[in-house]
Amino acid sequence: MTRTCGFDPASVEFARGHFIGGQVVEDATDHLSVARPSDLIPYADLPIGTADTVDRAVTAARQALSSSGWATQSPRERVRAMRRWADLVESHQEELGRLEALGSTRPISQVIASDVAGVAEAIRFFSEWADKLGGDVAATRSNDLGMIVSEPYGVVGAITPWNFPLSMASWKAAPALAAGNAIVLKPSELTPFSTVRLAQLAVQAGIPPGIFNVVQGTGAVTGDAITRHPGIAKISFTGSTRTGTAIMTAAAESGIKPVILELGGKSPQVVFADADLERAADCIAGSLLANAGQACVAGSRLIVERSAEAALVGLLQRKLSNIVPGHTWNASTDYAPIVSEIQARRIDRILQQSRDQGAEFVMGGQRIEGYGGAWYQPTLLTNVTAATAAVREEIFGPVLTIQAFDTEEEAYALADHPEYGLAAGVYTRDLGRAMRAMRAIQAGTVWINRYTRTMDFILPTGGYKRSGIGKDLGRQAVEQNLRHKTVLIDIGADQAAR
């Protein structure tokens, strides 16, 4: 039975080092202090993995692939090991939930009910692809046999963000392992420790030590070393567009390798007057409140038909007022803190700049005081244009800009962002209009009369434009962890006669 009780943050125990070759490693390297977002109190020191640390992890991964036969054994063996891993995640949901809630912005009730359950299901989903993707026999002349053979890359590198640490780690690790690879993963230095526990459970489930390695550290040092390491054959990154650009550059400079990127978003939510406004308001408010807007797919731009604007904004004001901020380890908390003081100041800066540009605040615009950390009020802005900072920049906070339209063409023009194309929402009862909107909006995901993912991991996620390259989730995530070899065999009569 799922429990969602609060806990004492001082009672949580966890490994503070890297996880390499199945062991926790505490290198005598430089360290940085890690603070809890809920009260900004430092609670651990984090080792900063160097190029030597990354090299040690890559060596362990290569040795594990060689000695364990992870890539060459029966794929069903990988399936069974990954299923045991998913079962262990479920049986340790309370432990994982507390560890995640301790060091991230995720309230304990949401971590256990959603995040940990989603991690287990993601592992199960990807495990089942292990023996489903092989290769093809190509159409050739009758005297030839042409084949396209799928093979794992070997060692893949992954760099994950701070906003959903466990979920993002499972999205990277599970498809890589299902395809027969080993992985070297760097979690965010802001939320580092739950990923190590996830890797420990993988070893406990029977996944060979060294197949799943975690190297702690900063993006500038550790992430760069992972991207540039010649023994890492592929990189997968989720985070900001700016960092994704740097990763692509580093990958090109150090030797060409494939790079999968899920990057920033500035996602529109387009509401037509014929929509169910109550449902639309629920979805829009939910998107804004989820992790306090700290999500790449946050629907942060409301584009509403003018005749419905007043009614919808009134509904949103009511729904956004019913929040329960608090420490992430309190069972009653349902509204997340901002991850750091630096990020809170960035939200302040963008909102002040928007105010100076003429934006008007319908509600919010200030911090929530009294909890020790950095919380921000849900904020609605009107009188904005495409040039307004809050419309242009990815804020990563609970801020929604509001723009009105009169025609479909105007709606789609407002929805189009010059830089981002990660996700979008459309609300209408008109099926034809919904299909026209889906085709007109440039985004990797378009939700119709909803704004959230489900546990249907078959649906991939990824962006257009500078929101990314490639996909997480779906069959595509596993396929991107496989490379393809062409084989052409001469089986002509002259060969048979020899």
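Predicted model: local features only at pLDDT ≥ 70, side-chain atom pairs only at ≥ 80, totals over all residues.
**Entry 1: salt bridges**

Which residues are linked with Arg76 in a network of salt bridges? I looked that up first: the network links Arg76, Arg83, Glu128, Asp131 and Lys132. My cut-off for a salt bridge is a side-chain nitrogen of Lys or Arg within 4 Å of a carboxyl oxygen of Asp or Glu. By this rule I get a count of 36 salt bridges.

Residues are numbered from 1 along each chain as its sequence is written, and side-chain values use heavy atoms, with hydrogens and water left out.

Helices here are DSSP runs of H or I with at least four residues, strands are E runs with at least two, and both are numbered from the N terminus. For cover I use relative accessible area: buried is under 20%, exposed is over 50%, and partly exposed is in between (1.4 Å probe, protein chains only). Glu77 counts as partly exposed at 37%, and Arg80 counts as partly exposed at 38%.

Next I checked Arg124, which forms a salt bridge with Glu90 at 2.9 Å between the closest N and O atoms. Arg124 lies in helix H4 (residues 108–127) and Glu90 in helix H2, so this pair ties together parts that are 34 residues apart in sequence. Glu90 comes out partly exposed, at 38% relative accessibility.

Then came Arg346 and Glu393, whose side chains meet in a salt bridge at 3.7 Å, N to O. Arg346 is in helix H11 (residues 341–356) and Glu393 is in the loop between helix H12 (389–392) and strand E18 (399–405), so the pair ties together parts 47 residues apart in sequence. How covered are the two ends? Arg346 is partly exposed at 26%, whereas Glu393 is buried at 18%.

**Entry 2: Thr461**

I went to the loop between strand E21 (445–448) and strand E22 (464–465), where Thr461 lies. Is Thr461 buried or exposed? Thr461 counts as buried, because its relative accessibility is 3%. Its side chain makes a polar contact with the side chain of Arg453 at 3.0 Å. A polar contact is a pair of N or O atoms within 3.5 Å; within protein, one must be able to donate a hydrogen and the other to accept it, and residues adjacent in sequence count only if both atoms are side-chain atoms. I also listed contacts (heavy atoms within 4.5 Å). Leaving aside neighbours within four places in sequence, Thr461 touches residues including Trp171, Glu262, Thr445, Lys471 and Asp472.

**Entry 3: helix H3**

I asked how many of the 11 residues of helix H3 (residues 93–103) are buried. I get nine, so I wrote the helix down as mostly covered. Among the buried ones are Gln93, Glu94, Leu96 and Glu100. The buried residues of H3 pack against strand E4 (42–47), H2, H4, helix H5 (165–178) and helix H6 (193–204).

**Entry 4: strands**

I followed E6 (residues 144–152) next. Strand E5 (residues 135–138) runs antiparallel to E6, and four bridges join them. Strands pair if DSSP finds at least two bridges between them. E5 and E6 form a hairpin with five residues between them, and Asp136 stands opposite Ile148 in E6. E6 also pairs with strand E24 (residues 482–490), antiparallel over nine bridges. In that pairing Asp144 stands opposite Asp490 in E24.

**Entry 5: surface**

I found a nonpolar surface patch of about 280 Å², made by Leu431, Met435 and Met438. Patch residues have over 30% relative accessible area and no salt bridge; like charges are joined within 9 Å, nonpolar side chains (Val, Leu, Ile, Met, Phe, Trp, Tyr) within 5 Å. Areas come from the Shrake-Rupley method with a 1.4 Å probe, and for residues only the protein chains shown count as cover. Met435 is in helix H14 (residues 431–440) and counts as partly exposed at 38%.

Asp52 is exposed, at 64%.
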